[in-house]
Amino acid sequence: MTRAFYVTTPIYYISGNPHIGHVYTTVVADVLARTARTAGPTFFLTGTDEHGQKVANAAAEAGKSPQQWCDELVPRWQSLFQTYHVAYDDFIRTTQPRHERVVQRVFERLRENGDVYLGKYEGWYCVPDETFWLESKLVDGKCPTCGREVQWLSEDDWFFRLSAYRDRLIEHFRAHPQWVRTRSVYNEMMAILEEGLDDLSISRTNFDWGIPVPDGSGVIYVWFDALLNYISGIGWEQDDAKFQTFWPASVQLVGKEIARFHTIIWPAILWALGLEAPELVFAHGWITVEGQKVGKSLGNAVDPFALAQRFGADSLRYFLLREAPFGSDFSYSEEKIAQRHNSDLGNDLGNLAHRTLSMLQRYREGVVPAAPASLPLLAQFDELPERVRIAILDLRFRDALEAVWEMVTALNRAVEERKPWALEKECRAEELDALLYELCEGLRRLAILLHPVCPERMEELWRRLGAGGEIGAPWTQSLVAGAGIAPSTRTSLGEPLFPRIELAPK
Ligand code: MSP
C-alpha cells in the first residue's frame, strides 16, 4: 500500500491582507496534494496564525479586539484560496479550541519531562518577525532578517531546552542530507547548528494575546504555539487513527526566512514529545518585485484577487510553477505572467484544444471518430504520466511542466505536418479519423496531467471533450490502461480556454 501523504503550508499571520507570496506556497501545496491524491490517502493542511504581538498590534490599530479582527479576516483568506482553486482538507486557526488544547498539553508534557523550565529572558525582540535576537546577532541595531526596529525585553519566561537537542539535530542532518531542501538552506542551517544553540524562550509576559501558560503567568510564545498546528491539525492525542496515518509529514513547505523554526526548533519539539521529524522541509525562495521580497510590511504587496481576475487563477498557478525552478527566488511582473499565459497556455495548449475541437465540428459534426487500431503519436508518451508524477512529488514542477509540453508540442506539430484540412479535401477519411481521434485522446490525457496545476480550466476542457468519469482518477488507470475517449462522444467547441491578454503599453 502507498504510504499516506501529508503536506502542510506555514499558517499565515493575519496581520493584514494576503498577498501573492501566500498564494504561492498554498498553490504549490495544492498541486502536491492533488497529485498525491491520485495515488493514495492524502491530507493537505493550511490555516492562519492568529496569536502574537504582531496580530494584536494590527487589531489595536484597527480599533478591534484581536479575536474580532481575526474572525473578520479569516474569510478573506479562505475566499482567496477558493479563488485560486485550492482544495485543502482542513483549515486550522490557532484560536480554535482543538488547537489551544494541544498547545497547553504539549507545554505541560514538556514541563513534566524537564524540557521546559523557568528562567529569565533578557534580549531583543522583532515584532514583525516574532523573533528573539541576541545583541550579537543584530545588524546595525536592527533585526538581521527584516531590517526593522527591535524592542528590548526583560522578562521571567519559560524556556524550551533547545540546546539539549543540538547533537541529535546535527546527527539527523548528517544522516538525512535530503531532509532539508534546498541545499543552500540545508547548509545555512548546518552552520547555525555548528555555531551552537541557545535555549528558546517560549512564553511572553508583556502582552496577553496568546494561549495562556497553564498554571502560570503570561502567554505561550507565538512560534511555539504555531508550529504545533501541524500536529493539532491531524488530531494528535485526539484522533489517533488519523494522526498515525499522516504523521510524520511527507512535505512541509515554508519560505526560506522561516526555515530555522522548521528545521531546528520544530524537530526538537517533536523529539521532546517522542515524535518523528517530518520527512522533508522544503524552504522555497521568494517572489520579488524589483529585487525586493513581496510582503505587506515592505509595502509592495500585490493584490492577489485582482491578479486572478485579470489573468485567471489557473494562469497564475501555472506561472508560479513554471517560471523558475522551485526553491529559487524569482521576480514577478505582469508582463511575465501575460507572456506565459499567451505563449504556453494560449498559443500552445489553448490553440491545440481549439483547433482540434473546431476541426471536429467542421469535419465530423463535433463527434469523436472511431478509435484506430493503434495510437502511434501518443505511444511515445506512455511513460509521461509517471515521469510527471515523479517530478511533481520531487517538487520539480518546472521539469514536470516542460515534460508535458513535449506532448503539447508534438501534437501541434502533427497537425501542422499532417494537415487535416488537406486530408479532408483529398477525401482521406480514415487517416483524418485516426488523426482526430488521437488529438482528442491526447487532449484528454493532457487534461488529466495538467489538472493539478490548472484544475478549473482542465475541468472545462474535460467537459468540452465529453470525457466521462473523474478527471482526478488514478493516473495510471485512466491514462494508460486503455480507458481512452469513447468513439461517438459528442464534443463542444466553446470560447478559447486561455484568451489572449493584451497589456496596455507603459
Ligand atoms: N505565521 C508564520 C508561520 C508560522 S508556521 C508554523 C509566518 N507567517 S507569514 O504570514 O509571514 O507567511 C509566511 C509564508 O508566506 C512564507 O514562509 C512563505 O511560505 C509565504 N510567503 C510570504 N511572502 C512570500 C514571498 N514574497 N514569496 C514567496 N513566499 C512568500 O511566517
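**Exercise 1.** Describe the lining of the second largest pocket by residue class.

*Solution.* The lining of the second largest pocket has 8 nonpolar, 4 polar and 2 charged residues. Here Ala, Val, Leu, Ile, Met, Phe, Trp, Tyr, Cys and Pro count as nonpolar, Asp, Glu, Lys and Arg as charged, and the others, Gly among them, as polar. The structure is a predicted model, in which local features need pLDDT of at least 70 and side-chain atom pairs pLDDT 80 or more, whereas totals for chains, interfaces and linings use all residues. Residues are numbered from 1 along each chain as its sequence is written, and side-chain values use heavy atoms, without hydrogens and water.

**Exercise 2.** Identify polar contacts of the ligand (pairs of N or O atoms within 3.5 Å) and state how much of its area the protein covers.

*Solution.* Step 1: a backbone N or O atom of I11 lies 2.8 Å from a nitrogen atom of the ligand. Step 2: for Y13, a backbone N or O atom is 3.0 Å from a ligand oxygen atom. Step 3: in E257, a side-chain N or O atom lies 3.0 Å from an oxygen atom of the ligand. Step 4: of the 670 Å² of accessible area (Shrake-Rupley method, 1.4 Å probe) that the ligand has on its own, the protein covers 95%.

Note on methods
A polar contact is a pair of N or O atoms within 3.5 Å; within protein, one must be able to donate a hydrogen and the other to accept it, and residues adjacent in sequence count only if both atoms are side-chain atoms.
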